[in-house]
Amino acid sequence: MDLYAEITKKIIFAQKAILGPVAVSIASKTPGLDMHDTNHPSFSSDPKEVLVQLVKNYSEFFGDISIEVCKEAAHDALKQGESIDLPDVLK
Amino acid sequence: MDDFTKTILLAEDESALRDLYKNLLVKEGYDVTAVDNGQAAYDQLISRKFDLLLLDILMPKLSGLDLLERLQKEDKLGAAVRTVMLTNLSDDSKIAEALKYGIRGYMVKSNYTPDTFIEEVRHYLE
Amino acid sequence: MSSSQTTPKHVVDMEDLRKVAQSVYARNAELVKLDKMKDEFVALASHELRTPLTIVKNYLWLALHEKDEPLGSNTTKYIDIAAETVDRLMFLVEDILTISRIENGRVTLAKEDVDMVPFVRGLVESYQVKAQEKQIRLSFESSVDSQLVTFDKNRFTQVVINILGNALKFTPVGGAVRVSVDIEDGAICMVRVSDTGPGVASDKQASLFTKFGKIDDSYANLPNVNGTGLGLYISKEIMHLHEGTLTAESVWGKGSTFIASLPITK
């Protein structure tokens, strides 16, 4: 699974631990994100943009803490040495 | 010490265990060099050849795994074939990682008493 | 001043909901973090405990086997007991670590196709000596000659050893333990261990598989009963990981049967 998909998956799972299954339905409302297989999310548009929107979906209702959760999950997904162009909101 | 005496490098940071293992091994007639951290182990390795390396996985200054990584980078991984990791870890991932470096094996310290410890070392030196 | 102010349809409006959502979210996020910290602490503590335990175990052994300064018979007895206890402590720490790893989802099963009949027969055979020490008749039977089942050998061995060990422990001298392998509906493999021990009272059966669920009454009068109370809990979790079950049937005074069930292939 490519890194963006890995990051997306980790974010959704982290949100799921806090929100329950609602986290998945919130994620599936993100344009450009295909959540048919929750274990293998895929993108139909620029992954970076999709990530930005995904984070927004959560933070809109759940505030800054949810952004922190997304950030932690994103960094968790990146193993040592791997770097990727993260959207600013996740840096 | 004659040419037939086997040389062992023991790297273990827990002093009571290090003394115990060293004494057991010396009693068996081995030539033992004991260090308490990874950096000292490395310094020994680049200056001498040992028949067997008993390396603790968790050590200060340079962990057993990091030591193996450094040896691999510097192309000195010939040492790995004579390395047996000592661990109390039940964490399979660290052991699995160490095995990837081509080490001879590993020993879970809590499984051994002095007699079985010596038996295992003897078996590795054959 | 208009007297026809419309009352809002809902007492709680969107803004209130958002505030509640954020505060509950924050609370949950904190709890998830604490839960993770608790798990990390348990893993670290258990790991840290093993080193001093290893040291004690080794030095006690040295004390018992010191040829130059042999111990008197009383001292030997005391140190023997201490050494045995350290072993128990080590098993306890091992169990705690296993539970913490199971609960963290950090246990992956290494499944293989294994013929269950010789597998269980072999385990039973390895306990014959122990059974004979208590003059217990330990028998094995199987309704089939062979049956391939997909499971993790190491982990399932832990389960069988746990229930077989318990059966032998709680069956009095001269009793009997029966181990059997059966296939149900061609889809489920059941390993049964029946004993002629004291059994478990029906109101105590629920706590059998809980953490630390030792049952005081049934066990109190038995000599040398020790154990962490974690064994059955761990065994049950291992069966769950295999998508199987571990159940017990027992009548107080008449013995118990523990049943480990596994789907044949997965």
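In what order do the elements of chain B run from the N terminus on? In this predicted model, the elements go β-α-β-α-β-α-β-α-β-α. Of its 126 residues, 33% count as buried. Contacts in chain B also reach along the sequence: among those between residues at least 6 apart, 56% join residues at least 24 apart.

The strands of chain B come next. Five of them make an open sheet in the order E2-E1-E3-E4-E5, with parallel pairing. Strand E2 (31-35) and strand E5 (105-108) of chain B are the edge strands, each pairing on one side only. Direction ignored, neighbouring strands of this sheet are turned by 20 degrees against each other on average. For a look at one pair, take strand E3 (residues 52-56) and strand E4 (residues 83-87) of chain B: they run parallel and are joined by four bridges. Here Asp56(B) stands opposite Leu86(B) in E4(B). As background, strands of a sheet pair through backbone hydrogen bonds, and they do so either parallel or antiparallel.

Now for a pair of helices. Two packed helices are described by the angle between their axes and the distance between the axes. For helix H2 (residues 38-47) and helix H3 (residues 64-73) of chain B, the angle is about 35 degrees and the axes lie 9 Å apart. The crossing of H2(B) with H3(B) is right-handed. On the H2(B) side, Gly38(B), Ala41(B) and Tyr42(B) take part, and they meet Gly64(B), Asp66(B), Leu67(B) and Arg70(B) in H3(B). Sorted by class, this contact has three nonpolar, two polar and two charged residues.

E4(C) and E5(C) run antiparallel and are joined by eight bridges. Within this pair, Ile183(C) stands opposite Cys189(C) in E5(C). The two strands form a hairpin with three residues between them, and Asp185(C) in the turn has a positive phi of about 55 degrees. E5(C) also pairs with E7(C), again in the antiparallel sense, over seven bridges. There, Val193(C) stands opposite Phe258(C) in E7(C).

What about the nonpolar cores? The largest one has 34 residues, and Val159(C), Val160(C), Ile163(C), Leu164(C), Val177(C) and Ala260(C) have the most contacts inside it. Several elements of chain C supply at least two residues each, among them helix H3 (116-126), strand E3 (148-152), strand E4 (176-184) and strand E5 (188-195). H5(C) gives the largest share of this core, eight residues. A second, separate core has 32 residues and includes Leu9(B), Tyr30(B), Leu55(B) and Leu68(B). Back in the largest core, Val177(C) is one of the residues with the most contacts. Leaving out residues up to four places away in sequence, Val177(C) touches Ala131(C), Ile136(C), Leu138(C), Ala167(C), Leu168(C), Thr171(C), Val193(C), Ser194(C) and Asp195(C).

Helix H7 of chain C (residues 231-241) is worth a stop too. Eight of its 11 residues are buried, so the helix is largely enclosed by the rest of the structure. The buried residues of H7(C) are Gly231(C), Leu232(C), Tyr233(C), Ile234(C), Ser235(C), Lys236(C), Ile238(C) and Met239(C). Their cover includes H2, helix H5 (153-170), strand E6 (245-251) and strand E7 (255-263) of chain C. After H7(C) comes Glu243(C), with a positive phi near 60 degrees.

Finally, chain C touches both of the other chains mentioned here. Its contact with chain B takes 12 residues from chain C and 11 residues from chain B. On the chain C side, helix H1 (14-65) and helix H2 (73-103) each supply at least two residues, and H1(C) gives the largest share, 10 residues. By class, this side of chain C has six nonpolar, four polar and two charged residues. With chain A, eight residues of chain C are in contact with eight residues of chain A. The side of chain C that touches chain A divides into five nonpolar residues, two polar and one charged.

Conventions:
Residues are numbered from 1 along each chain as its sequence is written. Chains are lettered from A and ligands numbered from 1 in the order in which they are written. This is a predicted model: local features need pLDDT of at least 70, side-chain atom pairs count only at pLDDT 80 or more; totals for chains, interfaces and linings use all residues. Two residues are in contact if their C-beta atoms, placed from the backbone, lie within 7 Å. Ala, Val, Leu, Ile, Met, Phe, Trp, Tyr, Cys and Pro count as nonpolar, Asp, Glu, Lys and Arg as charged, and the others, Gly among them, as polar. A residue is buried if 20 or more other C-beta atoms lie within 10 Å of its own, exposed if 12 or fewer, and partly exposed in between; C-beta atoms are placed from the backbone. A nonpolar core is a set of buried Ala, Val, Leu, Ile, Met, Phe, Trp, Tyr and Cys residues joined through C-beta atoms within 7 Å. Axes are lines fitted to C-alpha atoms, for helices over the stretch in contact, and angles run from 0 to 180 degrees between N-to-C directions. A crossing is left-handed if the near helix is turned anticlockwise from the far one by less than a right angle, and right-handed if clockwise. Two strands pair if DSSP finds at least two bridges between them.
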